[in-house]
Amino acid sequence: MRILLIAPAFYDYHHHIVREFERRGHEVRFFAERPDRWLYSPAKKLPARWRRAVFDRYLRGVLQQVEGEVFDRVLLIRGEIVAPWFVQALRARQPQARFVMYQWDSYRVTDFRPLVPLFDAVSTFDSVDARELGIGYLPLFHIPSYRLQDAPEQPDWDLVFVGSFHDARYRALLDIREHCRQRGIRLRHYLYLAPVDYWKLRLSGRAPAREDVEFAKLDQATVVGLYRNASGILDIENNKQTGLTMRSFEALATGRLLVTTNPLAGELLPELARRIVTIDRQQLDLPAERLRQAPGWDDELMAWSIEAWAGHLMDM
C-alpha cells in the first residue's frame, strides 16, 4: 500500500511513524504539515490574509510534488495549516484513496473541525473532543526506546519532569516544586525554553527565572537516562485539552509511576490505574512513599505502543 503521510515534524516521532508503516510493508511519502520554522515563525506574525497566502503556497508545493503519483491512503496527522481546499484538491487527484485524519491536539488548540466532513475516518487523542464531535477516540503511543525492562533499585530522584515552557505549566511546576520540598520528595526538572522566546518574555516583563529554564533541548537518550534514574515521572498537561500526552505513555512504558495533573488519566486508562497518580493543581497532596514504588514493565503496556497505534490507524 502507498501512503501519503502529512504530519508534524515533531522531534523524531515522524521518523518512528514512517518506519512503523514501512515495517508493515507499506511505501510512505512524507511531508511536514507546515513549512520550516524559519518561514513558519515570521508567517505566524503576519495579518491573517498574508499568513494564509504563505501557508497556501506551501500546500500548493506539496500538491505539485505528488502530481502524477497514486496513493491508496492519505493520512493527515494534525495538519495545523491545512485548509479545506487542499484536502478537496487531493481528493480530486486521488479518488481511489481512503482519507484518514488523526488529531493529537484538541480542536481548542488547533481547530480542525472544518476538515472533519472531508475525511472518510477521523480519530482524536482527546476523549472529550471525540464525544462532542462524534468522531473516533484513539490514544497516543510510546516508542521502543522508552521501554525499560529494569526497575530502579535506588534511584536518585523520586520524580522527574521534562517538558517545554508555557506559562501555566511553569506556574504549576513552581507550586509542585515547593510542595515536593516540603514533603521531602526529590524532584528533578528540565524545562526547555528557546533563547529567542526567553528574551521576548524578558522584554515584556513576563520571563521565568533564568535558573528555572534551559536553552538546550534534551535528546531522547538523555531523557531516557533521566527516567531510568527515577521512580516517578511528572506530566503537566495542557489544560486546554484532555487527551493523555505522548510523554504520559513514554512514562508508563519506562515502568515508572506516572504522576499527572490530567484529572481524566485514571478514567481514560482504568487498566493501568495502579501505575498512575493523579494530582490536583489546586490542592497538591503528593504521596511521598508511593512515589518511590515504581511498578516496572509489563507486556500489557504494548497495547499503547506505536505498533498497536499504527495498526488501529490502518484499520480506520
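**Entry 1: T242**

I started with T242, which is found in the loop between β9 (232–235) and α9 (246–253). I keep in mind that this is a predicted model. I listed what T242 touches, leaving out residues up to four places away in sequence: the list is D126, S127, V128, N262, L264 and L268. I also looked up T242 against A9. The two are 233 residues apart in sequence, and their C-alpha atoms are 22 Å apart in space.

**Entry 2: α2 and α3**

Next I took helix α2 (residues 37–44) and helix α3 (residues 48–65). Their axes come within 9 Å and cross at roughly 155 degrees. Angles over 145 degrees count as roughly antiparallel, and α2 and α3 are therefore roughly antiparallel to each other. I noted the hand as well: α2 passes α3 in a left-handed crossing. On the α2 side the contact is made by L39, Y40, A43 and K44, and on the α3 side by R51, V54 and F55. I sorted these residues by class and got five nonpolar, no polar and two charged.

**Entry 3: α3 and α4**

I stayed with α3 and turned to its packing with α4. The axes of α3 and α4 come within 11 Å and cross at roughly 10 degrees. That angle makes α3 roughly parallel to α4. From α3 I wrote down D56, L59, R60, V62 and L63, and from α4 W85, F86, A89, L90 and R93, as the residues that make the contact. By class, the contact of α3 with α4 has seven nonpolar, no polar and three charged residues.

**Entry 4: the cavity**

How many cavities of 30 Å³ or more are there? I found one cavity of that size. The space in the largest cavity is about 40 Å³. I read off its lining as I6, V74, L76, V82, F86, V87, L90, F99 and F119. The largest share, three residues, comes from α4. F86 and L90 of α4 are also in my list for the contact with α3, and both line the largest cavity. I then sorted the lining by class: nine residues are nonpolar, none is polar and none is charged.

**Entry 5: a pocket**

I moved on to the second largest pocket, which holds about 170 Å³ of space. Its lining is made up of A168, R171, A172, D175, I176, T261, D280, R281, Q282 and L284. Which classes do these residues fall into? I get four nonpolar, two polar and four charged residues. T261 and Q282 are among the residues of the lining.

**Entry 6: α1 and α12**

Last I looked at helix α1 (residues 13–23) and helix α12 (residues 306–315). These helices pack at an angle of about 70 degrees, with their axes 10 Å apart. Angles of 65 to 115 degrees count as roughly perpendicular, and α1 and α12 are therefore roughly perpendicular to each other. The crossing of α1 and α12 is right-handed. Helix α1 brings H16, I17, E20, F21 and R23 to the contact, and α12 brings I306, E307, W309, A310, L313 and M314. I divided the residues of this contact into seven nonpolar, one polar and three charged.

Terms used: Residues are numbered from 1 along each chain as its sequence is written. This is a predicted model: local features need pLDDT of at least 70, side-chain atom pairs count only at pLDDT 80 or more; totals for chains, interfaces and linings use all residues. Side-chain values use heavy atoms; hydrogens and water are left out. Axes are lines fitted to C-alpha atoms, for helices over the stretch in contact, and angles run from 0 to 180 degrees between N-to-C directions. Helices (H or I, at least four residues) and strands (E, at least two) are DSSP runs, numbered from the N terminus. Angles under 35 degrees count as roughly parallel, over 145 as roughly antiparallel, 65 to 115 as roughly perpendicular and the rest as oblique. A crossing is left-handed if the near helix is turned anticlockwise from the far one by less than a right angle, and right-handed if clockwise. Contact means heavy atoms within 4.5 Å. Ala, Val, Leu, Ile, Met, Phe, Trp, Tyr, Cys and Pro count as nonpolar, Asp, Glu, Lys and Arg as charged, and the others, Gly among them, as polar. On a 1 Å grid over the protein atoms alone, a cavity is a set of points where a 1.4 Å probe fits but cannot get out, and a pocket is an open set with protein on both sides within 12 Å along at least five of seven lines; lining residues have an atom within 4 Å of a point. Grid points are joined across faces, edges and corners, and a volume is the space filled by probe spheres set on the points.
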